[in-house]
Amino acid sequence: PPASKTRSWRDNAQYEQLSAAQQHALDEAIIELLFVHARLQLDRPQHLHEVKKKHVYFHAAIDALSAIEEHGRRIPSLSHWNALAWRKLGDEEKAQSAEERAIATPPQTALDYFLLAEFHAVREDWEKALQNYWQALDQDPEHLLSLVASGLVLMQAERYAEAELAFTGAIALNPETTVGYVRRAACRRMQGKDVLARSDSERAAELDPELAEGWMWQGVYQHAWKGDNADYEQAFLDLTEAIRLDPDYATAYMNRGFVSEKLGQHERAIADYTKAVRLAPGSATALYHRGQAYLRQDQHDLAEADFRKVLTIEPNDRVNYIYAHAEALCHLDRHKEALPLYEEVIQRAPTFTGFADRRRALNRRALAYLQLGEPDKAIADYRELIELVSGHALPYANRAKAYFEKGLVDQAI
């Protein structure tokens, strides 16, 4: 290890031969590496069920953070991270003590602000994280980690043009920053810059052929998400290679599940989605896709359970999740429970978006009303739907059925 309770990198004779500026640069670089090591230990146990193994990782994180303070310098935000680790270990007293130390000392350097931003990012407080990354860049415009990390947060906020600029800055500072090319390719793809995105993906593969993330995005962007020109077999091979390189890569499993469905391999798709759920139990996206796969396989009980759990993870997010849950309930003949979900979609969704829009929700709610023996309400929904899509025959045909149920044959005809 680069540092321990008894030995520091500063004890090395070569360290003393460096200039003061070189020593400072080396100190900051080693602190960054120790911090990354601590982050990996804190993130690593998310999918583990063995308590003893988790505790080993959490203690390793605390050791790395302590090494920074013992041999480097006191950084206020590190105490936030120590508090997080102690809390994971169940030691609330030490966690509170660490938090008090963090509050007592304000950040000063670019690295201080970066570590504080990372703490906010792991708590998904994106605005505070961005503010601190930018404060780090004010202190040091060439702080590479802050450029990369701010780009990742901007991607999370779907601010792809700004994220692209951040990754471009990172690449300018270090043309061999593989993650910069991988993530910039993703940003460019989301903006429709396919040629530039492909160039970035190819450059990332040249720099690091063993990068799992590079293989994953190559499979997704260059082969799977190509519309009529999609090559799902090649996408499957690329995603499988990503999983070989990183067996705990939840996103790769989720995307391979999508590709497997496109190839007609539904059981394999569900197995991949299930693996993604196990690796990332807080991922609403993985649960949602598995629920959709269950629904397509007529496993309605399992689909409904997944959609219900999705709404506990992200209760106020995408109307797609709400609509899918309503659909699963209707397949289980639980139409009355589906009605308020369809109502929420109708109120929140735009008129025309595709999967979960207002017109589809109106149509499905009308069908639910018919199943519940309430043709008047079904007719009202069909009337509103016809105003939206007057050129389509299906709403007229379905309203005719509702009129027949009421015995209004003339109106039905």
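Modeller: Helices are DSSP runs of H or I with at least four residues, and strands are runs of E with at least two, numbered from the N terminus. On that basis the protein has 23 helices and 0 strands. The model is a predicted one.

Biologist: What are the overall dimensions of the C-alpha trace, and how much of the protein counts as buried?

Modeller: The C-alpha trace spans about 100 × 50 × 40 Å along its principal axes. Of the 413 residues, 46% count as buried. Among contacts with a separation of 6 or more, 49% are between residues 24 or more positions apart.

Biologist: Why are α17 and α18 called roughly antiparallel?

Modeller: The axes of α17 (residues 300-313) and α18 (residues 319-331) cross at roughly 150° and come within 9 Å. Angles over 145 degrees count as roughly antiparallel, and α17 and α18 are therefore given that label. The crossing of α17 past α18 is left-handed.

Biologist: Which residues make the contact between α17 and α18?

Modeller: From α17 they are H300, A303, E304, F307, R308, V310 and L311, which meet Y321, I322, A324, H325, A328, L329 and H331 of α18. By class, the residues of this contact are 9 nonpolar, 3 polar and 2 charged.

Biologist: What makes α14 and α15 roughly antiparallel?

Modeller: Helix α14 (residues 250-262) packs on helix α15 (residues 266-279) at an angle of about 165°, with the axes 8 Å apart. The cut-off is again over 145 degrees, so α14 and α15 are roughly antiparallel. Here too the crossing is described as left-handed, with α14 passing α15.

Biologist: What is the make-up of the contact of α14 with α15?

Modeller: The contact of α14 with α15 has 8 nonpolar, 3 polar and 5 charged residues. Among those taking part are Y253, M254, R256 and F258 in α14, and R268, D272, Y273 and K275 in α15.

Biologist: How many aromatic pairs are there, and why is the pair of F114 and Y133 called tilted?

Modeller: The whole structure contains 4 aromatic pairs. F114 and Y133 lie 6.1 Å apart centre to centre, with 45° between the planes. Centres within 6.5 Å make a pair, planes under 30 degrees apart count as stacked and over 60 as edge-to-face, so the rest are tilted. The pair of F114 and Y133 is therefore tilted. F114 belongs to α6 (residues 110-122) and Y133 to α7 (residues 126-139), 19 residues apart.

Biologist: How do you know that F114 and Y133 are buried?

Modeller: Buried means under 20% relative accessible area. F114 has 4% and Y133 has 1%, so F114 and Y133 are both buried.

Biologist: What does the pair of Y288 and Y321 tie together?

Modeller: Y288 lies in α16 (residues 284-296) and Y321 in α18, so the pair ties together parts 33 residues apart in sequence. The pair is tilted, at 4.9 Å centre to centre and 55° between the planes. Y288, at 10% relative accessible area, is buried, as is Y321 at 2%. Ring pairs also link Y288, F307 and Y321 into a cluster.

Biologist: Is D298 buried or exposed?

Modeller: Exposed means over 50%, and D298 has 57% relative accessibility, so D298 counts as exposed. D298 sits in the loop between α16 and α17. Its C-alpha atom is 9.5 Å from that of A328, 30 residues apart along the chain.

Conventions: Residues are numbered from 1 along each chain as its sequence is written. This is a predicted model: local features need pLDDT of at least 70, side-chain atom pairs count only at pLDDT 80 or more; totals for chains, interfaces and linings use all residues. Side-chain values use heavy atoms; hydrogens and water are left out. Axes are lines fitted to C-alpha atoms, for helices over the stretch in contact, and angles run from 0 to 180 degrees between N-to-C directions. Angles under 35 degrees count as roughly parallel, over 145 as roughly antiparallel, 65 to 115 as roughly perpendicular and the rest as oblique. A crossing is left-handed if the near helix is turned anticlockwise from the far one by less than a right angle, and right-handed if clockwise. Contact means heavy atoms within 4.5 Å. Ala, Val, Leu, Ile, Met, Phe, Trp, Tyr, Cys and Pro count as nonpolar, Asp, Glu, Lys and Arg as charged, and the others, Gly among them, as polar. Rings of Phe, Tyr and Trp (its six-membered ring) pair if their centres lie within 6.5 Å; planes under 30 degrees apart count as stacked, over 60 as edge-to-face and the rest as tilted. Buried means under 20% relative accessible area, exposed over 50%, partly exposed in between (1.4 Å probe, protein chains only).
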